[in-house]
Amino acid sequence: MKIAPILISSFLLFQLAESKFGKHLGVSDSSTSTNNQKEERTKQRIIMSNEPGKMEWPEVVGMAAEDAKTLIEGECGCSVQVIPKDAMVTMDYRTDRVRIRVDEATGKVAFSPRIG
């Protein structure tokens, strides 16, 4: 009888697929719940980015860096990073972050800070 080995092989293939691709098969385990949490956070960021609000602060160009940081934190409640104007940074876009690029020689804001 050749049916039994085929059934067993099919069962083993399904078990393997279930362990590797449980998310797609509707199986929930700890790694799937972690993926679901990541997807939920991504959805929240997308929703946040679609809300109306200020996205850029051109009025702080030329201000002292700490004054600009205080102003922006008060307006958006974001994480504000003060960095040199020519600093290398990651290219990820985050709706909860504003980077202030500062001219190190003068200590003043060099470019218009924006969310991202």
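User: What share of the contacts in the protein chain with a separation of 6 or more comes from residues 24 or more positions apart?

Analyst: In this predicted model, residues 24 or more positions apart account for 36% of those contacts.

User: Why is Arg97 called buried?

Analyst: Its relative accessibility is 4%. Buried means under 20%. The value falls under that cut-off, so Arg97 counts as buried.

User: How much of the protein chain is buried?

Analyst: Buried residues make up 18% of its 116 residues. The chain exposes about 8500 Å². Carbon and sulfur atoms supply 59% of that area.

User: Which other residues does Arg97 touch, leaving aside its neighbours within four places in sequence?

Analyst: Besides Gly116, Arg97 is in contact with Cys78, Ser79, Gln81, Thr90, Asp92, Arg114 and Ile115.

User: How far apart are Arg97 and Glu73 in sequence and in space?

Analyst: They are 24 residues apart in sequence. From C-alpha to C-alpha, the distance is 9.9 Å.

User: Where does Arg97 sit in the secondary structure?

Analyst: Arg97 lies in strand 2, which covers residues 97-103. The chain has 4 helices and 4 strands. From the N terminus on, the order is α-α-α-α-β-β-β-β.

Notes: Residues are numbered from 1 along each chain as its sequence is written. This is a predicted model: local features need pLDDT of at least 70, side-chain atom pairs count only at pLDDT 80 or more; totals for chains, interfaces and linings use all residues. Side-chain values use heavy atoms; hydrogens and water are left out. Helices (H or I, at least four residues) and strands (E, at least two) are DSSP runs, numbered from the N terminus. Buried means under 20% relative accessible area, exposed over 50%, partly exposed in between (1.4 Å probe, protein chains only). Contact means heavy atoms within 4.5 Å. Accessible areas come from the Shrake-Rupley method with a 1.4 Å probe; for residues, only the protein chains shown count as cover.
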